[in-house]
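Hi,

Here is the structure I said I would pass on. Have a look at it first, then read my notes below.

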There are 2 protein chains.
Amino acid sequence: MDKKITIYDLAKALGVSAGTVSRSLNNHRSISDKTKQRVIAKANELGYQTNKFAVNLSTQKSNTIGVIVPKLNSIFMSDVLAGIEKTVNEAGYNLIISQSLEMMEKEKLNAKTLYNSGVDALLVSLAYDTNDFDHFAYYIRHNIPLIFLDRVHNLPNCSTIIINNKQAGFEATEHLIEQGCKNLLCISGNLKRNVYSERLMGFKEALAKHQMKFKKSNCLETELDPNDVPKVINYIKNQKQAIDGLFVASDTFAAHCIKALKKEHFRIPEDIKIIGFNNDPISELVTPPLSTINYPGYEMGVLAGQSVISQLNGSLDLQPANSITLRHQLIIRESTHI
Amino acid sequence: MDKKITIYDLAKALGVSAGTVSRSLNNHRSISDKTKQRVIAKANELGYQTNKFAVNLSTQKSNTIGVIVPKLNSIFMSDVLAGIEKTVNEAGYNLIISQSLEMMEKEKLNAKTLYNSGVDALLVSLAYDTNDFDHFAYYIRHNIPLIFLDRVHNLPNCSTIIINNKQAGFEATEHLIEQGCKNLLCISGNLKRNVYSERLMGFKEALAKHQMKFKKSNCLETELDPNDVPKVINYIKNQKQAIDGLFVASDTFAAHCIKALKKEHFRIPEDIKIIGFNNDPISELVTPPLSTINYPGYEMGVLAGQSVISQLNGSLDLQPANSITLRHQLIIRESTHI
């Protein structure tokens, strides 16, 4: 690999001192505009690279916003990113994205990488094992806007954007009860993640409201991976009291369950009613179409983008622990409704 | 926003000249190791940020690899990124990702942003309107490895990783013909994108091989967006000679077509046979399950990651215009087979 261009190469090419080059690139007041322009032109020509130099020399802005998400493998997350991208692009910012793969250690590395690449702001949806937040300290110390979305933590001066997962879980569960279900099963994702544990809380509240006792057997924790389907089907078949309603924490996993249950001659919704979560495209395409909760990913992204741009422009100063909650929506289709 | 720390702040805090700080951070041989360590410690303490300083001072490496993809909204693309991420992480590199949203102008900006953030290598899947490649010139000039995948262009010294879309299109089409279809329709994506135009070439070749004349009416170009479904269904219903086989360029769109055709009382596969493309999870979940072409996204990502790491380590020196082609696979399910 070629050695990258340094300020010494620039100085040599221009016949000035390295200090002059450095001060020019840092827009120091001791350097004339004419010299600054010469240095910048030469730096551009030779491909000198430094984030400070990137776009806006006078304000030291990179016009780049960083995002850390757990994984890029869901429609929800791609919707969130599309919403962020649209909003920040319109304001003249570019987006760079990294994934933590649900590991705090990798999230730390991402936070450092994005800091070093000079982002003007950071948006984060946390990994599920993240339990300390020191890796965001640099951002806070340097007043670089930091916003959490969906999987959040409350830090001073950082706003959060969420939906009310507990209320959504409550509504999905109450819908099953209102359709006549007597013995419900909540098929949850990993309960270390706040979104899943909060949906389970809503599930429990709905049972309590309708005088149905919550037993441990009413919840099955899974990784929501297709490989978990046989375990779920066995679990359902082996319950003494027949399960007649499923609240499944993801539409894709619910679609897999529908397919497997049909193969076992369960009739949906007659024998067992099923509601999913997210309103992914698949929920409309399975047979029968799946009732679900609309989880507004794109709107969440737009709002996150708007918040961050407002903070960068100074037009909005979100207060510490300010939290924005988006509206979710129950969508009833044939999987719960005869 | 606070002003970021400059080398002048560091110089003041350390009681040395700015030149000494700059040379220390650039690992200049004129500076003692002891001084370099003092400068680095102080730079860390105050949060001085420059990409060169990021991880590996002696080699000027950032240990970061950049990726530009058209969009993050497909299972295929998230599989590709998962494969890249795994491979480069294991080699000690971090990944940052940006999306061009299918626009060359944004791709240019992404290439610049990632260059400025100091990536050690760049992986690109091109936007469909990209028709000049000057925005990659900096990478080539500075011997920063540049690899194209899936949507590719041949540049000197840049390797490409693809599947044989033409052959895959041929096999999908020949499968329909062998199942007895007499009047086929290819529902394509935007034909400016090489992947779609190549699949159409394969479609035409299969027709020619089986003495079936290709007419303009055998292909319908769409954006593969759910909103295009009514147009497609009308088109199918209004053909004089009944269409009995569909080759659809995406599984999700094929699933939407299945749903709409069933509503119009077409029997699948009896009246009309359908094959998709990609082997997305949805292909297994629709009724009837969808025949498709397995397009190995994860493997493509792993291979791209391995190529780039090998180039960075100097253990593999890919020759100009070297191209790696992955194996695809025809998967037969009930949508084409009674």
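Let's start in chain B. B:Asn165 sits in helix H7 (residues 165-178) of that chain; helices here are DSSP runs of H or I with at least four residues, strands are runs of E with at least two, and both are numbered from the N terminus. With 2% relative accessibility, B:Asn165 counts as buried (buried is under 20% relative accessible area, exposed is over 50%, and partly exposed is in between, using a 1.4 Å probe and protein chains only). Its side chain makes a polar contact with the side chain of B:Tyr295, at 3.4 Å. A polar contact is a pair of N or O atoms within 3.5 Å; within protein, one must be able to donate a hydrogen and the other to accept it, and residues adjacent in sequence count only if both atoms are side-chain atoms. Apart from neighbours within four places in sequence, B:Asn165 is in contact (heavy atoms within 4.5 Å) with residues including B:Val195, B:Glu198 and B:Phe277.

A word on the source: this is a predicted model, where local features need pLDDT of at least 70 and side-chain atom pairs count only at pLDDT 80 or more, while totals for chains, interfaces and linings use all residues. Residues are numbered from 1 along each chain as its sequence is written, chains are lettered from A and ligands numbered from 1 in the order in which they are written, and side-chain values use heavy atoms, leaving out hydrogens and water.

Now chain A. You'll find 12 helices and 12 strands there. Of its 338 residues, 58% count as buried. In helix H12 (residues 297-313) there is A:Ser310, which is buried too, at 17% relative accessibility. A polar atom of the A:Ser310 side chain lies 2.7 Å from the backbone oxygen of A:Gln306.

Most residues other than glycine have a negative phi, and most peptide bonds are trans. The bond from A:Ile268 to A:Pro269 is cis, with omega near 10 degrees, and A:Pro269 is in the loop between helix H10 (251-263) and strand S9 (273-275). In chain B, the bond from B:Ile268 to B:Pro269 is also cis, with omega near 10 degrees.

Which phi does A:Glu102 have? Near 65 degrees, a positive value in a non-glycine residue. A:Glu102 is buried at 10% relative accessibility, whereas A:Asn143, with a positive phi of about 55 degrees, is partly exposed at 44%.

Cheers
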